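Opened the notebook to go through this structure piece by piece. Notes below are in the order I looked things up.

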Amino acid sequence: MRALGVHEDVIVLSSRMWRTSATLVRNGEEAFLIDSPVFPDELELLPALAEQARFPVCGLLATHGDWDHLLGRLAFPGTALGVAETTAARLRAHPGDAQRELRDFDERHYLERPAPLALGSVDALPVPGRCEIGDAELELHAADGHTIDGMAVWIGWAGVLVCGDYLSPVEIPTVERSIDAYLATLARLEPLVAAATHVVPGHGGPIDSASAAQLLAQDRAYLEGLRGGGAQLPAGRRDAEQRRLHAANVAVVEGHP
Ligand SMILES: [Zn+2]
């Protein structure tokens, strides 16, 4: 796991699995963990790492309900987990999905974890909205389209945008909900990207504002192509795995998920 300080109050961790991002954000005496790393040893290391850096974690946030972003409680058991209302509804509608997918992943890779994942109660946060931390606030922006749920977190005083599974330098857009919703989210993210010093995508971050703006333009072009039936994979994201994700997008668009 890689750890990178992008601001005195923001540390971005990058998991060895899928380069999944987890972000520690602090204001005064409070710190939150946004999303999570994936491997057991990475989660085990997190509390000591946060303590050493003087980030007293008292809350967890998840950008969306995909299981690989929901593992914060394995590192900080019993800590409150805040998610967008849309994510809370998704977790309620499909109880046990995240745990089941985590178990499948662990079995496939022969991984053992000290405890099962407890997602029993989560706090549903109004989005768009604000979430207090220390003497400041995090801004929450709707970010659906990749999935049916989700939010992006704007850390205003640090100029950092934690955007969930959008604007990834390593993964093409994956559309589980709708191209229109995805494009609407990109339009909402655009001014935040322009105002940011760093952007933390769900996989492969952090990146600077200019790179994120370039990815946003590429992703928009890809999605418009996908809608028109003539999508070109963006340069740098054309390997076998990205072509597989592209085929899945095509299947969704054609109504054969
Ligand atoms: Zn993800």
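Predicted model: local features only at pLDDT ≥ 70, side-chain atom pairs only at ≥ 80, totals over all residues.

What holds the zinc ion on the protein side? I found His 69 through NE2, Asp 165 through OD and His 203 through NE2, at 2.1 to 2.2 Å from the zinc ion. Written along the chain, the donor spacing is H-x95-D-x37-H. I then looked up where two of these donors sit. Asp 165 is in the loop between strand S11 (160-164) and helix H5 (179-195), and His 203 is in the loop between strand S12 (198-201) and strand S13 (207-208), so the pair ties together parts 38 residues apart in sequence.

I counted five aromatic pairs in the structure. Buried or partly exposed? I asked that of Trp 18, and at 39% relative accessible area Trp 18 is partly exposed. Phe 105, at 1%, is buried.

Then I took Tyr 166 and Tyr 182. Their ring centres are 4.8 Å apart and the planes stand at 65°, so I logged the pair as edge-to-face. Tyr 166 lies in the loop between S11 and H5 while Tyr 182 is in helix H5, so the pair ties together parts 16 residues apart in sequence. I noted both Tyr 166 and Tyr 182 as buried.

I also wrote down one aromatic cluster, made of Trp 18, Phe 39, Trp 67 and Phe 105.

**Helix H1.** H1 covers residues 40-52, which is 13 residues. I get 19 Å from its first C-alpha to its last, close to the 18 Å expected. Where does H1 bend? I find a kink of about 35° at Leu 46, shortly before Pro 47.

I listed the buried residues of H1 as Pro 40, Glu 42, Leu 43, Leu 46, Leu 49 and Ala 50. They pack against strands S2 (10-14), S3 (21-27), S4 (30-34) and S5 (57-61), plus helix H2 (72-75).

As background, nonpolar side chains tend to be buried together in soluble globular proteins. The largest nonpolar core here has 31 residues, and I see Leu 24 and Phe 76 touching the most other members. Elements giving two or more residues to this core include S2, S3, H3 (85-93) and H4 (97-108). H1 gives the largest share, four residues.

I went back to Phe 76 for its contacts. Leaving out residues up to four places away in sequence, Phe 76 touches Leu 33, Leu 46, Pro 47, Ala 50, Val 57 and Leu 60. Last entry: apart from this core I found another one of 27 residues, including Ile 172, Leu 183, Val 193 and Val 199.

Terms used. Residues numbered from 1 in each chain as written. Heavy atoms only, no water. Expected span 1.5 Å × (residues − 1). Bend = angle between axes of the 7 residues up to and from the residue. Buried < 20%, exposed > 50% of the residue type's maximum accessible area, 1.4 Å probe, protein only. Contact = heavy atoms within 4.5 Å. Donors = N, O, S within 2.8 Å, 3.2 Å for Na, K, Ca; no water. Core = buried A, V, L, I, M, F, W, Y, C linked by side-chain atoms within 4.5 Å. Phe/Tyr/Trp six-rings, centres within 6.5 Å; stacked < 30°, edge-to-face > 60°.
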